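Welcome! If you are meeting this structure for the first time, take a moment to look it over before reading on.

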Amino acid sequence: MMEKNRNYFIAIALSVVIVLAWQFFYMNPRMEAQQRAIEAQQALEGEAPRPVAPESPGSTISGMLPGASQAEATQNREQAVAASPRVAIETPALSGSINLVGARFDDLKLREYHETVDEESPIITLFSPANTSGGYFTELGFVQSETSGSVPGPATQWTLESGDKLTVDTPVVLSYTNEKGVVFTRTIAVDEHYMLTVKDSIENATGEALTLAPYGRVTRYNKPATPSVYVIHEGFIGVLGERGLIEESYGNIEEEAVANDTATGGWLGITDKYWAATIVPPQALSYVSRFSHFTDGQPRYQADYRSEALTVEPGQTAEVTNLVFAGAKEVPLVDQYEEQYSIPRFELLIDWGWFYFITKPMFHLMDFFFRYFGNFGVAILLTTIVVKAIFFPLASKQYASMANMKRVQPKMEELKAKHGDDRMAMQQAMMQLYKEEKINPIAGCWPILLQIPVFFALYKVIYVTIEMRHAPFFGWIQDLSAPDPTSLFNLFGLLPYDVPHFLMIGVWPLIMGVTMWLQMRMNPTPPDPTQAMIFNWMPLIFTFMLATFPAGLVIYWAWNNTLSITQQALIMKRHGAKIELFDNIKSVFRRKPAPNK
């Protein structure tokens, strides 16, 4: 039974190794190769524009939602911004401008975030104009009908009525009057963070009723430069009414556009690892939405919606309010917006993963320690202690079971000698022994299984939350969300040459590997040579594997191993079992006797 337990542990460890190896050495290169093939094919062949979302039942809308016929990029970002009339945006968190052609948000930078850990590096650019290679923008407008005349859209030249700069305290007001005398007034406000409120007023000064439909779109001309990994979603996202959360990757939408069913309430847009651009449509109006990829002109991705048709009677005024989130996915802020604006499940803008019920509370625990100590690395260490304390009863049972198994090991050897090859008799005798000694041979397995979700939840927190981005620890670790930047193979920077990526085995991965090796030496070396070889090589394999993981996770694992060694030693000593760590270490380095000739 002891061997079965060892086999069980080996199976778990090997499963983790296989999954990691599959992802890093097979899936990631394959995904990149497929993407290069798709881009090459698209460069040679054009695809027809995707169909627009279906019209709302009973509407008389005849226009098309914008998205097609986009010219190639012809300007750099600075030229494109300077070429169009604009009104500036200046807040504590944002800087940029609104393009008065289309009233488009296409020039936006995040003042509180830099591209690297160097505070002198450029700040993050989120939005850029359409006629640039990095075009990315949000646009709101209307789809016309036979009765409405022309309506605000991508080419509409808006007039600035009031406000020379959009700030937290000073909204701006734009206007447009069409050939029929219909007056469109747009008031744009912004908070101190990343939420823009866009209120449209449609004044019907004609003698007949008019019909039109609001639309909104987030359009992007490129994808993140760093390929996405399986633990986080990047691409199209939305919570669409009763349908709930919808996530689509760029690759899926390149193959086929997705037209979503009619919904009421919710939001949609495009998300990156740390940033997002989303639109919250009028929550009282039903709408249809779609996720599309266009290859006519400059290839681009688009998440858009179109509301049900509105009818504005003669002499009446209708109002439509959209919210636009464009910025960093800060956890407290996203939660605040969900409550403040009653945005359904807006918290899902952050990809908490399958173990949401563990991941988010774990983040809040780490955030609590961070606010108290001011260092997320310290917060990780303290969170690990809390987790170990929560699992202490289970761990105590696990190590107690291991101690008891060691204690009865001599009796088990006697049973083996007594029953020889009679497996049935041996099993019955062992079960009787377990019953007499009150030992549960599988008690040591459950703690490991239950802690696996906790490990992945912590990995998720460190990997996806922007709070970890560029968060320093001590010494050379200046970004807990990035791998340890040092390497054994240039003596941690003492030798003047760069090391290939796969040889970036830093100090913390080495510490993790040593603690893992010591933890495994707490138990006797398996008698089976194959098992012994696996146990010997596993710490080295994990050292190379985890070297590419965020430093915060490696620090957690090393600290968790250290606590586990201490905990196991104390529990085994309490149960009278011998702690074999030092004997096992000595046996590794002891010279084996030469075989008899």
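This is a predicted model: local features need pLDDT of at least 70, side-chain atom pairs count only at pLDDT 80 or more; totals for chains, interfaces and linings use all residues.

**The nonpolar cores**

Let us begin on the inside. The largest nonpolar core has 119 residues, and the members that touch the most others are Phe184, Ile188, Tyr194 and Trp275. Helix 10, covering residues 446–464, gives this core its largest share, 8 residues. There is also a second, separate core of 7 residues, with Leu415, Met426, Ala429 and Leu433 among them. As a general background, nonpolar side chains tend to be buried together in soluble globular proteins.

Leaving aside residues up to four places away in sequence, Trp275 touches Leu110, Tyr113, Ile124, Leu126, Gly327, Ala328, Lys329, Ile466 and Arg469.

Next, find helix 4, which spans residues 331–340 and has Val331, Leu333, Val334 and Tyr337 as its buried residues. In general, an α-helix has 3.6 residues a turn, so residues three or four places apart point the same way.

Moving on from the helix, you come to Ser342, which follows helix 4 and sits in the loop between helix 4 and helix 5. Arg345 is found in the loop between helix 4 and helix 5 too. Neither is a glycine, yet Ser342 has a positive phi, and Arg345 has one as well. The table sets out their values.

| Residue | Phi | Relative accessible area |
|---|---|---|
| Ser342 | near 55° | 57%, exposed |
| Arg345 | about 50° | 41%, partly exposed |

**A buried aspartate**

Our last stop is Asp106, in strand 3 (residues 104–114). Is Asp106 buried or exposed? Its relative accessible area is 1%, and the cut-off for buried is under 20%, so Asp106 counts as buried. The side chain of Asp106 has a polar partner: it makes a polar contact of 2.8 Å with the side chain of Arg86. Which residues does Asp106 touch, not counting those up to four places away in sequence? They are Arg86, Ser97, Asn99, Phe127, Ser128, Pro129, Tyr136 and Phe137.

Terms used
Residues are numbered from 1 along each chain as its sequence is written. Side-chain values use heavy atoms; hydrogens and water are left out. Buried means under 20% relative accessible area, exposed over 50%, partly exposed in between (1.4 Å probe, protein chains only). Helices (H or I, at least four residues) and strands (E, at least two) are DSSP runs, numbered from the N terminus. A nonpolar core is a set of buried Ala, Val, Leu, Ile, Met, Phe, Trp, Tyr and Cys residues joined through side-chain atoms within 4.5 Å. Contact means heavy atoms within 4.5 Å. A polar contact is a pair of N or O atoms within 3.5 Å; within protein, one must be able to donate a hydrogen and the other to accept it, and residues adjacent in sequence count only if both atoms are side-chain atoms.
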